[in-house]
Amino acid sequence: MLGVFSSAVVSPPDELVAAGSRTPSPKITSTAIVNRFIDGHPSAVSVQIGDHVQLAYSHHNDSPFQPRSFAAKDEIFCLFEGVLDNLGSLRQQYGLAKSTNEVMLVIEAYKALRDRAPYPPNHVVGHLNGKFAFVVFDKTTSTLFVASDQYGKVPLYWGITADGFVAFADDVEILKGAVGKSLATFPQGCYYNTAVGGLRCYENPKNKITAIPATDEEIWGATFKVEGSTVFAGTK
């Protein structure tokens, strides 16, 4: 799965911006990255949302234990990969039908966060048990909501394109050589929500997350560490 978002939607961490400025740092545009994804994934589907967002996904080489899915409802778009172990109880919690799958559950949970405030984002992702990564875009409010499970069982990566878009992908090969040295693992157990000001740990949302720049010799931009923790939230 792939999502690219312009600077009108998301402001990436300064450390990734700085890392992407290092040389040599080959980059391609957001459109070229989407084309790379489509060319490399048979039967890929691409969805353009206004001028600032493009999503793409494919079921090529889909794993039954870690399936990918896409859904849209009420101008909310969601890419989801993985499985939720507590899907049944979450359906009951949100009053949803037994046929509701993971991607629709995330959309409904996001709507509850948005419409029945105050519901902090960490309450939503903190209740999700399983292995997952997802990208939610709310066109109505231009809000981006991205999250990875607590143990990073579903890989997720991000970086900055040549035209300043932020790209998220589950396949690191899509971003290698495309986002320069801004490439980084999205930190496990964390979420990025533009409505609350960026990157947070959903177990300790008040704790600051520090981006530690990689050395010039590495292709990676940075790793992330939650304040007060001895464990890096994102690793290579």
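Colour the chain by pLDDT, the predictor's confidence in each residue, from 0 to 100. The protein chain has a mean pLDDT of 86, and 92% of its residues reach 70 or more. This is a predicted model: local features need pLDDT of at least 70, side-chain atom pairs count only at pLDDT 80 or more, and totals for chains, interfaces and linings use all residues. Residues are numbered from 1 along each chain as its sequence is written, and side-chain values use heavy atoms, without hydrogens and water.

Select residues 230-236. Here pLDDT stays under 50. Where pLDDT is low, the predicted coordinates should not be read in detail.

Next, select Phe5. Leaving aside neighbours within four places in sequence, Phe5 is in contact (heavy atoms within 4.5 Å) with residues including His52, Phe137, Leu144 and Phe168. Phe5, Leu144, Trp158 and Phe168 have the most contacts inside the largest nonpolar core, which has 34 residues. Such a core is a set of buried Ala, Val, Leu, Ile, Met, Phe, Trp, Tyr and Cys residues joined through side-chain atoms within 4.5 Å. Buried means under 20% relative accessible area (1.4 Å probe, protein chains only).

Leu87, Leu90, Arg91 and Tyr94 are buried. They cover an arc of only 105° around the axis, so they lie on the same side of helix 3; the arc is that of the directions from the helix axis to the C-beta atoms. Their cover includes helix 4 (102-115) and helix 5 (121-126).

Finish at Ser182. Ser182 is buried, at 0% relative accessible area. Among the residues that Ser182 touches are Leu16, Trp158 and Gly221.

Technical notes:
Buried < 20%, exposed > 50% of the residue type's maximum accessible area, 1.4 Å probe, protein only. Helix = DSSP H or I, 4+ residues; strand = E, 2+ residues; numbered from the N terminus.
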